[in-house]
Amino acid sequence: MGSVYRARDMHFPNVTKLVAVKEMINTAPDPLVRQTIVQNFEREANLLATLNHPSIPRIYDYFSVESRSYLVLEFIHGKDMETIINETSGFLLEEQVLTWAVELCDVLDYLHKHKPDPIIFRDMKPSNVMINHSGDVMLVDFGIAKTFQSGIKGTMIGTEGYSPPEQYRGDATPSADIYSLGATIHHAITRRDPRLEPPFSFSERPIRRINPSVSPDMEMVVNTALEYNPENRFATTADMKQALLGVARKTGALVRMGPQTTPLANTSGGIKPLWTFKCEDEIRGSATIFQGTLFVGSYDNNLYALSAAEGKFQWKYPTDGGIVSRPAVFDGNIFIGSEDKLLHVVSSRSGKVVWTYYTNGPIRSSPRIAEGHVFFGSDDKFLHAVNLNTGRMAWRFETADAVRSTPFVMSDLVYVGSETGDYYAVDFRGELKWRFRAKRAITSSTVGIGQALYFSSVDGTLYALDPRNGWVLWRFRLGKASISTPCIVDDLVFVGAADGFIYAVEAKSSKEMWRFRTEHQVNGSPVVYKDSLYCGSVDGNLYCLEYRTGRLRWKFGTGGAITGTPLVYDDIVYIGSTDHQVYALLA
Amino acid sequence: MDKLFGWLFSKKDPSTKTQDTTNTAPLSEQQIQAIVNNQNPHFDLQQLISSCGQSVGKQRELNEDSLLALTTIMAGNSGILPFGLYIIADGMGGHQFGEVASNAAIRTVAGHVLRKFHPYLFQVKTDTMDESFQEIMQTAVSEAQRAIQREAPGSGTTLTAALVLGQQITVAHVGDSRAYFVYTDGRIEPITRDHSLVKRLEELGHITPEEAANYPHRNVLYRALGQGEILDPDIFTLGFPQPGYLMLCSDGLWGVVAEQDLVRAIVDAPNLHRACQNLVTAANTAGGPDNISVILVQLVG
């Protein structure tokens, strides 16, 4: 609607006196309307000229030239609060925001007490608050510019995210300013821009859930200011200021004691595993359960069979290489690939070998069983399809590089990613149907539901593809590379990444719903059981989160990195760790 | 199959009833079929067909709605793929500006999307696109936002755009025009959410749906293309309703014709063209207080 210029006042030729010149353009086509607008502007300029407060810029002059009107104001050295929020990595300190909020209460109180009529600021938001060089707040852009926004028929009001519900009625009251101040503080301490959210949805973004370092008292003050009904808010800005000072006294912000840290949630203290079992080397892969027996491979070359209830050893089957994948079960037999280049098929009862199948490279992909065949990738750059009855190759499909992801089968197609980032859809005759290319390796395995395939890539992206033709429906940027396989529940896609976060993304819109920070890379995959999400991290912990909100329920520390996927069955979580142990925990 | 469903229903555990607070109804035969189909999507050839209708209404002098419906087939190396782009924009802002805004929105969005797909529609292109459907729609909307602020400052428009590729519908939506799924068994389901104050108050439970229908500020939007410093459109991808229709319309239709009458006008019509005519007539018969725009799309096969 207009611009602000930095100008020099030439009345003082010997010194550099900077002023701000605000230009407003009169776009109304009707001459009578134009005239009214200019009169309103001049009336408000006169009013502002009488104000005298350290947080209000002084007005030096005003004038109109043709269709433009100008206001000459005190120039403020500093930055506006929105810029400060955006430039700060992480959250602004509570004590910082609190100091500004107290000063803003002061200046609003001054305006609201103006005689004969109170002045309502009407447009409180971070971009209208300047922080000058001495760290004090200045209110800029008084509602004066509003007079120029005519020409629009009354059908639209931009509520802008900071305005109170009563605004649409045209009510401008001190209480409206209090709401907007609450919205401004909420934005400053949560970094969530209300203009990007539905109106009046602050209560859906509780402050301390987003920024747990904020004190409960501060949260309460902001919530009171943001009450839907004006009568439930603070009666005056002076009351709000008192409440803020109360918070400052309690948290010690006024005496600069620094922010206090609040403990996040209960840690593993109380959690005892039901049982543990120790292998001779790291467990990097995942477990499978079949008829009360848990099958898990270890880097000590063995496939172990343990009783799921007590973790009692039943048998082990030695291969000649490390096992890093997840066993599959079919017809009473266990299928497992090993770095000895063989796919081993072992009787689940006896642990005796039934048949083996040789590839030209270590096997790190987990076997997938479908339609009478077992599908798996190998470092020999082939996707293999082996007949379950004969143990013979049905076909193999050549890829550009090692295949370490697990093939996914849906609607007569096999989907698999390779280490170059090439992604293939192959039909049951081993012929390419379509291909796609990510920028880096696809080590993550695919999961597909109905209309979409989901997988992540080392290029730091979570992809959603059309299973029929490979067109990209959406891409979601992760903080870093990912080799974690997504998990889908309801309308949510969960995935981990090397930036240490577990992400929840809405499947239809690719909007981030929440993210949870662990202390190290998340290379394993999340699983959801009932209303909990379970996921391990290289920080050694198994995390249990509420899957809708990402809130921590508990975590359990193991002695080494967790890179596998938890298995949850019958209210028990099974997880292997690189500390050589398998743990069984109550879900 | 019947056996399977019988088993599904009889398996219902009465003990879970106490926790179930939502109203439930048995799924219709068509819904069950849709669930089954969704678990095993098929890859047969499919035809996309569409039609549209527009009217200035009975009480306005100007038409501020704009509409685009484009249906074709993309012949590529991975088979034949239906391609469609459908947009409705309802401009506002007094004088002729509303029309300018809705027009600019359609031109910019369609121009951007078609430029992106040009190599795939008109040339032999084998490598995959390095942008997703949702990213293309997002940048199209941002471009339209800038175009409106340039061409018709101060005005605004709603925008509901649907890009159909194969069986995927990617929607970009701002304002209170709507997209619906209409099923042949009589169900109708809005897939967009109005960015209007009245809808928001209804969502918050401050007013009832009945109060909402007679609310004095029904046309106040909190998000519109061309308005505000930051625009955050709703963008999402859904599977095409089968059997069923995708319907896009402005509030000149959904605001005056009851949902069940919308369904009847569509399902009873012999073809899509007549269905669109029926819908426009229904809105005009109900008084035609506003401009009317409607697009119907069907995926057959």
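**Note on a predicted two-chain model**

1. Strand E22 (residues 413-417) of chain A and strand E23 (residues 422-427) of chain A are joined in the antiparallel sense over 5 bridges. The hairpin that E22(A) and E23(A) make has 4 residues between the strands, and within that hairpin Gly421(A) takes a positive phi near 100°.

2. On its other pairing, E22(A) is joined by 3 bridges to strand E21 (residues 408-410) of chain A, again in an antiparallel arrangement, and here Val409(A) has Val414(A) as its bridge partner. E21(A) and E22(A) also form a hairpin, with 2 residues between them, and Ser411(A) in the turn has a positive phi of about 50°. E22(A) itself is mostly covered, since 4 of its 5 residues are buried.

3. Further along chain A, 4 strands form an open sheet in the order E25-E26-E27-E28, with antiparallel pairing. Strand E25 (447-449) and strand E28 (472-477) of chain A stand at the edges with a single partner strand each, so one side of each has no neighbour in the sheet. From one strand to the next the twist averages 20°. Between E25(A) and strand E26 (residues 452-456) of chain A there are 3 bridges, the two strands running antiparallel, and Ile449(A) stands opposite Ala452(A) in E26(A).

4. Two loop residues of chain A deserve a look for their backbone angles. Most residues other than glycine have a negative phi. Asn301(A), however, which is found in the loop between strand E10 (293-297) and strand E11 (302-307) of chain A, has a positive phi near 80°, and Asp331(A), in the loop between strand E13 (328-330) and strand E14 (333-337) of chain A, has a positive phi near 55°.

5. In helix H6 (residues 216-225) of chain A, the buried residues are Met218(A), Val221(A), Val222(A) and Ala225(A). Viewed down the axis of H6(A), these buried residues fall within an arc of 95°, and they therefore line one face of the helix. The buried residues of H6(A) pack against helix H3 (94-112), helix H4 (174-190), helix H5 (207-210) and helix H7 (237-251) of chain A.

6. In chain B, the axes of helix H8 (residues 259-267) and helix H9 (residues 272-285) come within 8 Å and cross at roughly 145°, and the crossing in which H8(B) passes H9(B) is right-handed. The residues that meet are Asp261(B), Leu262(B), Ala265(B) and Ile266(B) in H8(B) and Ala275(B), Asn278(B), Leu279(B) and Ala282(B) in H9(B).

7. A cis peptide bond, with omega about 0°, joins Gln242(B) and Pro243(B); most peptide bonds are trans. Pro243(B) is found in the loop between strand E9 (234-239) and strand E10 (244-249) of chain B.

8. On confidence, the mean pLDDT of chain B is 85, and 86% of its residues reach 70 or more. Over residues 1-20 of chain B, however, the pLDDT is below 50, and beyond near neighbours in sequence this stretch has 1 contact in the model. The model scores ipTM 0.81 and pTM 0.75.

How values were computed. Residues numbered from 1 in each chain as written. Chains lettered and ligands numbered in written order. Predicted model: local features only at pLDDT ≥ 70, side-chain atom pairs only at ≥ 80, totals over all residues. Pairing = 2+ DSSP bridges. Axes fitted to C-alpha atoms, helices over the stretch in contact; angles between N-to-C directions. pLDDT = per-residue confidence, 0-100. Contact = placed C-beta atoms within 7 Å. Buried ≥ 20, exposed ≤ 12 C-beta atoms within 10 Å, placed from the backbone. Arc of directions from axis to C-beta. Left-handed = near helix turned anticlockwise from the far one by under 90°.
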